Amino acid sequence: RRLGIKLLNASKFVLSRASTEGAVTDPLDRGMLHALAALVDQATRDLEGFDYAAALRGTEEFFWAFCDDYIELSKRRRAGDDAAAASAARAGEAALGTLVRLLAPFLPFVTEEVWSWWREGSVHRAAWPHPAELLAIAPDGGADVAAWTTARAISADVRQARSAQSLGFAKPVRLTLALRDTDRPVWPSIERDVLAGHNALSADVSFGHAQPRASVIEAT
């Protein structure tokens, strides 16, 4: 029930500004799509091996990351009218179309409803997703997976820190980030989304750490 309701709500948001045109240019968008392409490959192999539990587990884990991390990080950029906004709209629509088909064997009625909102026919007669669909709209984006994974790691820590300090999203914060040396080229590409996605006024960033870590203080 929780998964089904979340799928309905997330789909309404994504489809409020879906796009099948334009280039996916933002590293966060491209990294998310490449990570999803890897999931499609794994889930397909799991189903072909009759490991239905593993297929659902991997798909559900990615779906929650899509909702909690990708949508929340990109939603303010998506509201704009520039190429970066178009990139988020195209990536969100492509990801939703893939996730609905991956979830269709497990949530047959909810996925059929969502599919009817913007696609013809039945989701259960649609072609099974293929990684090439996603890679075609975000070519050469394999290196951008780091943007996706780093942004997710930061987001997890920020959410936990806000909860521990009872800092609701409406309260602006300042971030302290401890990132890896390999995150140096990644951080500029995700800074905008991380700050906007967490209502952060600024981020004090240091590099050379073993794993990405984040903490928050209430802005004064």
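The model is predicted: local features need pLDDT of at least 70, side-chain atom pairs count only at pLDDT 80 or more, and totals for chains, interfaces and linings use all residues. Residues are numbered from 1 along each chain as its sequence is written, and side-chain values use heavy atoms, with hydrogens and water left out. The protein chain contains eight helices and three strands; helices (H or I, at least four residues) and strands (E, at least two) are DSSP runs, numbered from the N terminus.

**Overall form**

- Along the sequence, the pattern of the protein chain is α-α-α-α-α-α-α-β-α-β-β.
- The radius of gyration of the protein chain is 18 Å, close to the 17 Å that the globule rule gives for 220 residues, so the chain is as compact as a globular protein of that length. The radius is taken over C-alpha atoms, and the globule rule is 2.2 Å times the number of residues to the power 0.38.
- A box of roughly 55 × 35 × 30 Å, taken along the principal axes, is filled by the C-alpha atoms of the protein chain.

**Helix H1 and its partners**

- Helix H1 (residues 2-15) packs against helix H4 (residues 83-103) at an angle of about 155 degrees, and their axes are 10 Å apart. Axes are lines fitted to C-alpha atoms, for helices over the stretch in contact, and angles run from 0 to 180 degrees between N-to-C directions.
- That angle makes H1 roughly antiparallel to H4 (angles under 35 degrees count as roughly parallel, over 145 as roughly antiparallel, 65 to 115 as roughly perpendicular and the rest as oblique).
- The contact (heavy atoms within 4.5 Å) joins Leu3, Leu7, Ser11, Val14 and Leu15 in H1 to Gly92, Glu93, Leu96, Val100 and Leu103 in H4. By class, the contact of H1 with H4 has seven nonpolar, two polar and one charged residues. Ala, Val, Leu, Ile, Met, Phe, Trp, Tyr, Cys and Pro count as nonpolar, Asp, Glu, Lys and Arg as charged, and the others, Gly among them, as polar.
- The axes of H1 and helix H3 (residues 52-78) come within 11 Å and cross at roughly 30 degrees; H1 and H3 are therefore roughly parallel to each other.
- The contact of H1 with H3 comprises 11 nonpolar, no polar and six charged residues.

**Helices H2 and H7**

- The axes of helix H2 (residues 27-48) and H7 come within 6 Å and cross at roughly 95 degrees, which makes H2 roughly perpendicular to H7.
- Pro27, Leu28, Gly31, Met32, His34 and Ala35 of H2 touch Val145, Ala147, Trp148 and Ala151 of H7.

- Three strands form an open sheet in the order S2-S1-S3, with mixed pairing; two strands pair if DSSP finds at least two bridges between them.
- Strand S2 (200-206) and strand S3 (213-218) stand at the edges, each with a single partner strand, so one side of each has no neighbour in the sheet.
- From one strand to the next, the twist averages 20 degrees.
- Strand S1 (residues 173-178) pairs with S3 in the antiparallel sense over six bridges, and Ala214 in S3 is the bridge partner of Leu177.
- Helix H7 (residues 145-164) packs on the sheet and touches S1 and S3, its direction making about 35 degrees with that of S3.
- Helix H8 (residues 187-197) lies across S1 and S2 and runs at about 150 degrees to S2.
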